[in-house]
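Welcome, and thank you for stopping by. Please take a moment with the sequence and the 3D view, and then we will walk through them together.

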Amino acid sequence: MKYDIIIIGAGVIGTSIAYNLIPYDVSVLLLDKNNDVAMGSTRANSAIVHAGFDPKPGTLMAKLNVEGCALYEELCKNLSVPYKRCGSVVLAFSDEEKELLGELLDRGNKNGVPDLKILNQEELRKLEPCVSEEALAALYAPSAGIVSPWELCLAQAEVFVRNGGTFIGESEVTGISKNEQGSSSKFTVTTNNGAFDAGTVIMACGLRSDKVHGFVAEPDFKIVPTRGEYFLLDKCEASKANTVIFQCPNKDGKGILVSPTVHGNLICGPTAEVLTGDPEDTATTAKMLAVVKEKAMKSVKNISWRDNIRNFSGVRANTNIDDFIIREIPDNKGIFEAAGIKSPGLASSPAIGRYMVGLLKEGGVSLPEKSGGYDMTRKTVHFRYMSNEERAQLVSKDPAYGRIVCRCEGVTEGEIRDAINSPIPPKSLDAVKRRAGTGMGRCQGGFCGPRIVQMLLAKQGEDSSPLSILQDGTGSNLFTSRDEEVNV
Ligand SMILES: Cc1cc2nc3c(=O)[nH]c(=O)nc-3n(C[C@H](O)[C@H](O)[C@H](O)COP(=O)(O)OP(=O)(O)OC[C@H]3O[C@@H](n4cnc5c(N)ncnc54)[C@H](O)[C@@H]3O)c2cc1C
């Protein structure tokens, strides 16, 4: 198959680029090695829309962070993605750290972060009643926010597909070759699921950025995979933080935070551990989780750890370069990359998508505007966030929205059905979770899981087999054999 543009990598960066290409009359293929979008760093991170005072002034990271943060509110409204501009505070526990707050304030002002302010102890406690009394002052950034990263990624991908774009999963790119002059396409992208031709290639491969860059040139940067582990606490703990509570950044990054989530939980983490083995190893360890506990309690003392509902980890695509790497690859006309998009990559993603489109234009890629219409918005039902009047109206039109399947989160049969029929159909229980929000509560899918398996099987039709149902990625089959085949 032949496309004008192939984007490799369907994380929040690849999908933001795909989303920003919707207004143009070009055929675009979004490829990923996994069986869904948002399966890399995008699905396991702190979910903070950073205000932008942390990156060094003058860097691409500083510019795109502040621009991205400003785009969030409207983007999430248009895409029906949970987002809240809750603000953030950086705590100072010593005079030395108070000085550091001044430096962050200065840096933030240079970066153009709006309304930054240093809070004294009294002002801080008013904003954050549960914060430790040892916190002496804080830098307050009202423009910071929280978001659902995987829902943003999915929404961008779904709208891209609905507007004529193509997403193909389970296709790991294994090579990129330049075709001879005069061929109908400039490049052939080879995958373990066939080959695709394109005039332009964009790499957005997260932790594999250096490997995929290596298909066309020796990489001039190195990915330093850095794992972060988390606690996710039940909703009863959410009131412990109103804003994102950071500690002063250090050489390991932004440190351990305590933050509300858009889904109403409390999140604590992440650690920063450089991985020397598999760069995509998202295990959790007792050792690192103990570090999270200890450091989080420096900020908020009375966290009830017995209300933890899940631990998880994500791996940052850190690099040996102190900035994002977003460019047309030198001496490789027509091949672009957004490589090593570390934190604040999520916050910057709406601006990175736009920036990449600008680079394509500068690079001479033909991007004629669509003459017909297109729709960059998405509407989804979030039953749990609706008023009782709205719910009653919806249920009277469609009774499936009146049947709760996930009791912990209040997700209805109608929402799960919508997820199963969405433009990028879910291939696993976790893919339904990312779309509909099922299994995210205290019982972690114990109650709703079997019912969702039934619904996935019903969608597959007569030839369906429970043996095909996955928990998550390829190979994570939930069932290994049928009852009658098991010797009990
Ligand atoms: C612990 C942690 C905390 C973080 N906290 C924040 C935060 O609070 N705020 C913030 O702004 N940022 C945060 N980040 C950073 C943010 O998560 C990333 O910047 C962002 O998700 C990067 O998106 P991406 O699309 O570049 O990468 P990914 O989401 O990793 O996507 C890359 C995709 O490329 C695919 N791929 C790779 N190789 C191939 C191949 N050969 N063929 C086909 N597909 C391929 C992968 O399967 C993957 O889906 C955090 C990251 C981590 C890990």
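In which loop is Asp 115 found? Asp 115 is in the loop between helix H3 (95-111) and strand E6 (117-120); helices (H or I, at least four residues) and strands (E, at least two) are DSSP runs, numbered from the N terminus. Before going on, please note that this is a predicted model, in which local features need pLDDT of at least 70, side-chain atom pairs count only at pLDDT 80 or more, and totals for chains, interfaces and linings use all residues. Residues are numbered from 1 along each chain as its sequence is written.

Most residues other than glycine have a negative phi, and most peptide bonds are trans. Asp 115, although not a glycine, has a positive phi of about 60°. Asp 115 counts as exposed because it has 11 C-beta neighbours inside 10 Å. Here a residue is buried if 20 or more other C-beta atoms lie within 10 Å of its own, exposed if 12 or fewer, and partly exposed in between, with C-beta atoms placed from the backbone. Asp 331 also has a positive phi, near 60°, and sits in the loop between strand E19 (325-328) and strand E20. With 8 other C-beta atoms within 10 Å, Asp 331 is exposed.

Now for the peptide bonds. Gly 269 and Pro 270 are joined by a cis bond with omega of about -5°, and Pro 270 lies in the loop between strand E16 (266-269) and strand E17 (273-274). From Ser 343 to Pro 344 the bond is cis too, with omega near 10°. Pro 344 belongs to the loop between E20 (335-339) and helix H8.

H8 (345-362) brings us to the ligand, since H8 is among the elements described next. Around the ligand there are 40 residues, of which Gly 11, Gly 40, Gly 206, Gly 228 and Gly 345 come nearest; a residue is near a molecule if its C-beta atom, placed from the backbone, lies within 6 Å of it. Helix H1 (12-20), strand E18 (308-319) and H8 are the elements that give two or more residues to this shell. Domain 1 (1-82 + 146-222 + 320-379) and domain 2 (88-142 + 223-318) each supply at least three residues, with the bounds coming from an automatic or database domain assignment. The shell has 19 nonpolar, 15 polar and six charged residues; Ala, Val, Leu, Ile, Met, Phe, Trp, Tyr, Cys and Pro count as nonpolar, Asp, Glu, Lys and Arg as charged, and the others, Gly among them, as polar.

H1 also packs with helix H5 (residues 149-162), at an angle of about 35° and with axes 8 Å apart. These axes are lines fitted to C-alpha atoms, for helices over the stretch in contact, and angles run from 0 to 180 degrees between N-to-C directions. Among the residues making the contact are Val 12 and Tyr 19 of H1 and Leu 152 and Phe 160 of H5, where contact means C-beta atoms, placed from the backbone, within 7 Å. The contact residues divide into nine nonpolar, three polar and no charged.

H5 leads us on to helix H11 (residues 429-436). Eight of the eight residues of H11 are buried, so H11 is largely enclosed by the rest of the structure. They pack against H5, strand E22 (411-412), helix H10 (413-420) and helix H12 (449-460). Gly 437, with a positive phi near 85°, follows H11.

Technical notes
Two residues are in contact if their C-beta atoms, placed from the backbone, lie within 7 Å.
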